[in-house]
Amino acid sequence: MLGEITKVTESVNFIGAFDPQIRTFDIIMKTANGSSYNSYLVRGSEGVAVMDTVKKEFSEDFFNALERLCEYDEIKYIVLHHLEPDHSGALIELMEKAPNAELIISGRAVMMLKGLIKRDIPFEVANTGKIISLGDKTIEFLSTPFLHWPDTMSSYLHEDKILFSGDVFGSHYYDERLFDDKVGDFSYAFKYYYDHIMRPFKQYVRQALKLYAQFDIDIIAPLHGPILRSNPQYYLDKYAQWSSEEKFRKHEFGQKMISVFYMSSYDNTQEMAKKIMEGADLVEGVVASMYDLASLDERNMIDLLEESDAIIVGSPTINGDAVKPAWDLLSCMAYLESGGKIGASFGSYGWTGEAPEMLHDRMRWLKFRLPVSPLKIKLIPTDEELKACVLFGQEVAEITMGKMVEMEI
Amino acid sequence: MINIFLEDDNINVKVPKDKSLRYVATKTGASMEFGCRVGDCLTCIAKVKSGMQYLNDKNEKEIRALEILASDVSGLRLMCQCSVKADEGEIVISYGF
């Protein structure tokens, strides 16, 4: 027997699917009780809009709900706020069943659509300000890219004051009671989702929040987890707080923060780290600190990386490679915004000395600014070489404080 | 040599003719973001604030990609599709515009 279809408002129904069995999402995220693939049907006086679909394996649930609410020839628009397969899995079948419906995607989704669908299908592009009408219902689109794919967009249903936010404000939390005032405590899942999915894109969160602020929002309808209707402003404020660009150090003391991370086998790389920190600390407005990667937990790595304006990483070269904790440190950047941070690398070596170059290359791919070449010293640093370490730290600090870099290539 | 000022990184760099902006980004360590590097993904979109005439002309792929993104694309370029075409001049680029 089919269950009752959940009404979000008189004209909007939930037609998504529940996945209580999933435990690992997108390879990196855990969920203790599953998730949902949220999809919504909006009915207006002149037709229906389907807001997103579901993961392909859950198509049956989606079509069952949809067919109980409308005829396929009533569907005027299919809106995909985000093309990831957990939301576009039923798209092809839906377009075959509703051939008159117009597919609406963001500009950045165009190439992705071709990559995912592998065939030419008609579509319309929506940028901020585009409006579609279902007669007595009006949907306005907002470009909210990189949340968490480049293609993500949001939309606002004016008459019902619903924000369809894409993956923004989502949670991997399964509870068929669906509304935030009915489900269990999902606050940990809401924050966990933000940390893993949105935290690397804070500047885009801030841009999206500015767009959302122009609307009077009664309900936030995300693509995963509970629908937020009890106090939408609470969730908007949480995102604003977590995405603030204010760094503690800068905010409290007006200082920029340089972190020197290192590992050392025979103290040589550690000696370099001390001198680099000393050099960086000579520059007014900078506070430099050093951390031994042998004793730093991942959670602390993430927080330190986020707070730091410049990151200097040191590793000896062992068997032609940097040491694993240095790679682990840089892997934490997957959770953070990297664009604009300054990076540099150094290390003592015995035989071949590849580690600083390898770390430098890795940081380049992580979108660091890398204004100085890697610094490497063979075995025990001489007094002259230690002076070079001081200058190295000082140069990185001065650039962090805004010194213009002049170069010729 | 042409002078390129990468505004967001405060880098002023002299670049010989025919060098690509990808090469400039790599050599300077600038924080310019690249995605697909073939003109599809729009990640490397940037505003050329002055000196557009010293860069190569937009190819069809770049024109199509930019038109999808915005109605007014004057001043916008995909950095992965750009190279320097002059020996002298001054270009100012912002990628966090």
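1. In this predicted model, Ile104(A) has Glu124(A) as its bridge partner in E11(A). That bridge belongs to the pairing of E10(A) with strand E11 (residues 124-126) of chain A, a parallel pair joined by 3 bridges. Strands here are DSSP runs of at least two residues and helices (H or I) runs of at least four, numbered from the N terminus, and a pair of strands needs at least two DSSP bridges.

2. Some bookkeeping before going on. Residue numbers start from 1 along each chain as its sequence is written, while chains are lettered from A and ligands numbered from 1 in the order of writing. Because the model is predicted, local features need pLDDT of at least 70 and side-chain atom pairs count only at pLDDT 80 or more, whereas totals for chains, interfaces and linings use all residues.

3. Back to chain A. On its other pairing, E10 (residues 102-106) runs parallel to strand E9 (residues 75-79), again with 3 bridges, and Ile78(A) sits opposite Leu103(A) in E10(A). E10(A), helix H4 (residues 110-117) of chain A and E11(A) make up a right-handed β-α-β unit; right-handed means that, with the strands pointing away from you, the path from the first strand over the helix to the second goes clockwise.

4. Another spot in chain A to click on is Ala344(A), in strand E20 (residues 342-349) of chain A. Ala344(A) counts as buried because it has 31 C-beta neighbours inside 10 Å. (The cut-offs: buried is 20 or more other C-beta atoms within 10 Å, exposed is 12 or fewer, partly exposed is in between, with C-beta atoms placed from the backbone.) Leaving out residues up to four places away in sequence, Ala344(A) touches Ile312(A), Leu370(A), Val372(A) and Val396(A), where contact means C-beta atoms within 7 Å. Ser315(A), 29 residues away in sequence, is 12 Å away in space, C-alpha to C-alpha.

5. Now chain B. It has 2 helices and 5 strands, in the sequence pattern β-β-α-β-α-β-β. Of the contacts in chain B with a separation of 6 or more, 66% link residues 24 or more positions apart.

6. Working across from chain A: E22(A) and E2(B) run parallel, joined by 4 bridges, with Glu406(A) bridging to Asn12(B). E2(B) is antiparallel to E1(B) over 5 bridges, and here Asn12(B) is the partner of Phe5(B). The two strands make a hairpin with 4 residues between them, and Asn10(B) in the turn has a positive phi of about 55°. E1(B) then pairs in parallel with E5(B) over 4 bridges, with Asn3(B) opposite Glu90(B). E5 (residues 90-94) of chain B goes on to pair antiparallel with E3 (residues 45-50) of chain B over 3 bridges, Ser50(B) meeting Val92(B).

7. Finally, the interface: 21 residues from chain B meet 21 residues from chain A. On the chain B side, E2, H1 and helix H2 (60-69) each supply at least two residues, with the largest share, 5 residues, coming from E2(B). That side divides into 9 nonpolar, 7 polar and 5 charged residues (nonpolar: Ala, Val, Leu, Ile, Met, Phe, Trp, Tyr, Cys and Pro; charged: Asp, Glu, Lys and Arg; polar: the others, Gly among them).

Key
Contact = placed C-beta atoms within 7 Å.
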